[in-house]
Amino acid sequence: SVKGGAIEVKTMLDKEFSILVYDAAGKEVIKQVFQGSTRISTEALQSGVYFYSVRGAGHLENGQFIIE
């Protein structure tokens with residue numbers, strides 16, 4: 001679960017990546033392009049389950065997190 005109002009995303013590759021965050025209904029709520037690392041504010045998100053997809057440089061990682 002996420003506490004503190006932000007998620008930090010890091011990669012070991014010096015390439016462009018994008019992170020997309022979806023709510024439980026499948027609606028895209030965040031889309032951000034980054035290189036190396038980024039910090040995404042979750043303060044505007046309501047409590048619930050969210051899904052993410054990080055894509056770039058031939059890589060794809062999906063997962064989920066909970067906002068309390």
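The backbone nitrogen of Ala-6 lies 3.4 Å from a polar atom of the side chain of Thr-42. Keep in mind that this is a predicted model: local features need pLDDT of at least 70, side-chain atom pairs count only at pLDDT 80 or more, and totals for chains, interfaces and linings use all residues. Residues are numbered from 1 along each chain as its sequence is written, and side-chain values use heavy atoms, with hydrogens and water left out.

**Thr-42**
- You'll find Thr-42 in the loop between β4 (37-41) and β5; strands here are DSSP runs (E, at least two residues), numbered from the N terminus.
- Thr-42 counts as buried because its relative accessibility is 5% (buried means under 20% relative accessible area, exposed over 50%, partly exposed in between, with a 1.4 Å probe and protein chains only).
- Leaving out residues up to four places away in sequence, Thr-42 touches Val-2, Gly-5, Ala-6, Ile-7 and Ile-67; touching, or contact, means heavy atoms within 4.5 Å.

**Thr-38**
- Thr-38 sits in strand β4, and it counts as buried because its relative accessibility is 11%.
- Its side chain makes a polar contact with the side chain of Gln-32, at 2.5 Å (a pair of N or O atoms within 3.5 Å; within protein, one must be able to donate a hydrogen and the other to accept it, and residues adjacent in sequence count only if both atoms are side-chain atoms).
- Not counting residues up to four places away in sequence, Thr-38 touches Ile-7, Glu-8, Val-9 and Gln-32.

**Strand β2 and its partners**
- Strand β2 covers residues 16-23, and six of its eight residues are buried.
- β2 and strand β3 (residues 28-35) run antiparallel, joined by seven bridges; two strands pair if DSSP finds at least two bridges between them.
- Ser-18 is opposite Val-33 in β3.
- Four residues lie between the strands in the hairpin of β2 and β3, where Gly-26 takes a positive phi near 90 degrees.
- β2 also pairs with strand β5 (residues 48-56), in the antiparallel sense over six bridges.
- Across that pairing, Leu-20 stands opposite Ser-53 in β5.

- Val-49 belongs to strand β5, and it counts as partly exposed because its relative accessibility is 33%.
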